[in-house]
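Open the model in your viewer and keep the selection panel at hand. Each stop below gives a selection and what is there.

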Amino acid sequence: AFRKAIELNPKFQAAYFGRARVHDAKGEFDQAIGDYTKVLTLYDKHVEAMVYRGVLYENTGRKDDAINDYRAALKLTAEDDDDRKAQADALDRLSRLQR
């Protein structure tokens, strides 16, 4: 469904985000990172996409990229509880990585 939505509207960032979550759950990390990156290209204030991409960077050994994403996510304005939870996770992860 996400693929079809993207075919119909290549600028539909929510479809890329949904597809990224599916790739992430399936362990398809490069594809998930690509989709999160596309979300952020379309809407650079997407807190959850920034944090989730940072987690994938962290889990695949790209520590500096993870740190950059966590820092960037913390500078964004949280629009809802999901954003606030993602930022709290980013703060915890950033603190741990910088030790």
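**Stop 1: Val55**

Select Val55, which lies in helix α4. This is a predicted model. Is Val55 buried or exposed? Its relative accessible area is 13%, under the 20% cut-off, so Val55 counts as buried.

Next, show the contacts of Val55, leaving aside neighbours within four places in sequence. They are Tyr70, Asp89 and Arg93.

**Stop 2: the nonpolar core**

Select the largest nonpolar core, with 27 residues. Tyr36, Ala49, Val51 and Tyr70 have the most contacts inside it. Colour by helix: α1 (2-8), α2 (13-25), α3 (29-42), α4 (47-59), α5 (63-75) and α6 (81-97) each supply at least two core residues. Which helix gives the largest share? That is α4, with seven residues.

**Stop 3: Tyr36**

Centre on Tyr36. Again leave aside neighbours within four places in sequence. Tyr36 is in contact with Phe17, Ala20, Arg21, Asp24, Ala49, Tyr52, Arg53 and Leu56.

**Stop 4: α3 against α4**

Show α3 and α4 together. They pack at an angle of about 150°, with axes 9 Å apart. The angle is over 145 degrees, so α3 is roughly antiparallel to α4. The crossing is left-handed.

From α3, pick Phe29, Ala32, Ile33, Tyr36, Thr37, Val39 and Leu40; they meet Ala49, Met50, Tyr52, Arg53, Leu56 and Tyr57 in α4. By class, this contact has 11 nonpolar, one polar and one charged residues.

Notes
Residues numbered from 1 in each chain as written. Predicted model: local features only at pLDDT ≥ 70, side-chain atom pairs only at ≥ 80, totals over all residues. Heavy atoms only, no water. Core = buried A, V, L, I, M, F, W, Y, C linked by side-chain atoms within 4.5 Å. Buried < 20%, exposed > 50% of the residue type's maximum accessible area, 1.4 Å probe, protein only. Helix = DSSP H or I, 4+ residues; strand = E, 2+ residues; numbered from the N terminus. Contact = heavy atoms within 4.5 Å. Axes fitted to C-alpha atoms, helices over the stretch in contact; angles between N-to-C directions. Parallel < 35°, antiparallel > 145°, perpendicular 65-115°, else oblique. Left-handed = near helix turned anticlockwise from the far one by under 90°. Nonpolar A, V, L, I, M, F, W, Y, C, P; charged D, E, K, R; others polar.
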